Amino acid sequence: MLENIRLAFVGVWTHKMRSCLTMLGIIIGIASIIAISSTIMGTNEQIKQNLIGAGNNAVEIQLHQNDYPIDMEGGVPQGIPTVSQQAMEEIAALDNVEAAAQFYKRNIYSSVFYGATSLSNGYLYGIDSNYLGVYGYQIRQGRGFSEADEKGAHKVALLDKDAADALFLGENPVGKTVEIQSEPYVIIGVVTQSSEFQPVINTPEDYYNYMKTSNGKVFVPMATWPVIYQYDEPQSVAVRASSTEAMSTVGKQAADVLNSYLQTGSEGPILYKGEDLLEQAKEMQDLSKSTNQQLIWIASISLLVGGIGVMNIMLVSVTERTREIGLKKALGARKGIISGQFLTEAAVLTFLGGLVGVISGIILAVVISKISLVPIAISAPTALIAVAFSVIIGLIFGIVPAMKAANLNPIEALRRE
């Protein structure tokens, strides 16, 4: 076997130009498949990153009715209790849960003012002491909420950078007073997320899918929420999963815990439900699945063409080496040895083509990534399978030339010029 491999490499080196042209179909096919696979995997990863964001792995669990989030602006649903401390302890004890927090959330429709400047199209949050940690917020100016703020229901607020810029136009907001639903709140700090993330927007569809249209976020202590809206309402819950892959499971388990405390039970129309961003990403990825498969099949056609080229050149090689084959048979070489030599040459030829194709595909994937801003996602198993598949093609298309060489009559072969 090792001698056959050595002779195969000698043959490839002896006929360099012919070997390169023979391998071209294999190279193009493997390079196309690697580049397309990388682009598909990179696009899928980009979709997931755009939806999940900076990687804090936070999942929101909200009340839903008929699979739609309940808007508390329309009134608080009857018979739904507030989230108890016992429920939060159960959620915090779940596997893959790193932290859990309660919060309220409302859209801001010109309900936050600083002088004559209003904040529109943003969000107002009533949060507990764990919320900022769950979402990875850090204090950039001023201070955060203290235990005294929570217990005393102090009218203090935090702004994110977008809200601070929109309301204060570059001024330092710390110490200033804003009106929230006509209630005065003192700004005590500005927060930003530790890992800021901006989705990649390449098309108008990407803009509508991923771009956040909020002009900012305002955070107040959860204890002051009834002061603003004049009534108690059930909270939502945010949990941080230990990994992105665990988000769906953690969201469902936390929702199950909360639903166990609802009087309506599991059959009721109003239930807690986790925001499954991974499922949303999968649905968007599935939309392009058929197109991606067609592209891979089209690229695979060139592998078929490359295999036919290998068969053709091996038949030519059998014709050129007829006397050599006849001499080997005259010296006692069996059919298996002759066919093994030609199969080895075909496999080596396609192996080299596959190897060059993988390298070319990686280079092509990098170029595509630079142009389209899609992350590179080269899969080592895919590359290994591609090379192995190219060798299999060489073996399959090398069978006919190998059998022709093995079945040559040694007397007639020796007579050939």
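**Reading the model**

Modeller: Let's begin with Arg-106, which is buried, with a relative accessible area of 3%. "Buried" means under 20% relative accessible area, "exposed" over 50% and "partly exposed" in between, using a 1.4 Å probe and protein chains only. This is a predicted model, where local features need pLDDT of at least 70, side-chain atom pairs count only at pLDDT 80 or more, and totals for chains, interfaces and linings use all residues. Residues are numbered from 1 along each chain as its sequence is written, and side-chain values use heavy atoms, with hydrogens and water left out.

Biologist: What does the protein average in pLDDT?
Modeller: pLDDT is the predictor's confidence in each residue, from 0 to 100. Here the protein averages 80, and 79% of the residues score at least 70. Helices (H or I, at least four residues) and strands (E, at least two) are DSSP runs, numbered from the N terminus.

Biologist: Back to Arg-106: with which residue does Arg-106 form a salt bridge?
Modeller: Side chains of opposite charge can pair when their charged atoms come close. The rule used is a side-chain nitrogen of Lys or Arg within 4 Å of a carboxyl oxygen of Asp or Glu, and by this rule the count comes to eight salt bridges. Arg-106 has Glu-233 as its partner, with the closest N and O atoms 2.7 Å apart. Since Arg-106 sits in strand 3 (residues 97–114) and Glu-233 in the loop between helix 8 and strand 10, the pair ties together parts that are 127 residues apart in sequence. Glu-233 is buried too, at 2% relative accessible area.

Biologist: How many residues apart are Asp-165 and Lys-161 in helix 6?
Modeller: Four, so about one helical turn separates them in helix 6 (residues 161–168).

Biologist: Which strand does strand 1 join to, and how do they run?
Modeller: Two strands pair if DSSP finds at least two bridges between them. Strand 1 (residues 58–65) is joined to strand 10 by four bridges, and the two run antiparallel. In this pairing, Glu-60 stands opposite Ala-238 in strand 10. Strand 10 (residues 236–241) is mostly covered, with five of its six residues buried.

Biologist: Last one: is Ile-371 buried or exposed?
Modeller: Ile-371 counts as exposed, because its relative accessibility is 69%. Ile-371 is found in helix 13 (residues 335–372).
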